[in-house]
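Let's take a friendly walk through this model, from accessibility to the core. Have the sequence and the coordinates open as you read.

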Amino acid sequence: MDGTCDASALTGIERELGIRLPTEYWNGLAADDRLVVAGPRPGEEIWLYPVPELSGINAAAELPSRLPGLGIIGTDGSREMLAIDGRSEPSPVVLVDVAFSRWDDAIWQAPDLATFLQEYPKRGLRWS
């Protein structure tokens, strides 16, 4: 994290999605480029979307419009998307399939983004 962020862009995304982005984004996480986070085994990387892509990714996925409080922040490069559940604070990190339609389908990953970023390299994604 380089400590830079575009506060107006972050505020706009928060307003658009109706959520509060994790502190890590405000502290410069993925300010301009995708952040690749290595998993416990080769080929298990996840990508966190950069701030400039968050609005378009969420609009294209249409999940946040069906599930208020959901904010997509990354992907595993397949059908799964990493998201935050902005209905509470801190916002838990969840894994959602592109076709999921209910909150009950979201798979809990961590209580917040900081914990997820610390644990993911050791354990990978939870699938249930």
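Buried means under 20% relative accessible area, exposed over 50%, and partly exposed in between, with a 1.4 Å probe and protein chains only. This is a predicted model, where local features need pLDDT of at least 70, side-chain atom pairs count only at pLDDT 80 or more, and totals for chains, interfaces and linings use all residues. Residues are numbered from 1 along each chain as its sequence is written, and side-chain values use heavy atoms, with hydrogens and water left out.

Here are two residues by accessibility:

| Residue | Relative accessibility | Class |
|---|---|---|
| Aspartate 85 | 10% | buried |
| Threonine 23 | 48% | partly exposed |

Threonine 23 sits in helix H2 (residues 23–26); helices (H or I, at least four residues) and strands (E, at least two) are DSSP runs numbered from the N terminus. Its C-alpha atom is 27 Å from that of serine 128, 105 residues apart along the chain.

Aspartate 85 belongs to strand E4. Its side chain makes a polar contact (N or O atoms within 3.5 Å, one able to donate a hydrogen and the other to accept it; residues adjacent in sequence count only if both atoms are side-chain atoms) with the side chain of arginine 87, at 2.8 Å.

Which residues touch the most other members of the largest nonpolar core? Tyr25, Leu70 and Phe116 do, among 37 residues. Such a core joins buried Ala, Val, Leu, Ile, Met, Phe, Trp, Tyr and Cys residues through side-chain atoms within 4.5 Å.
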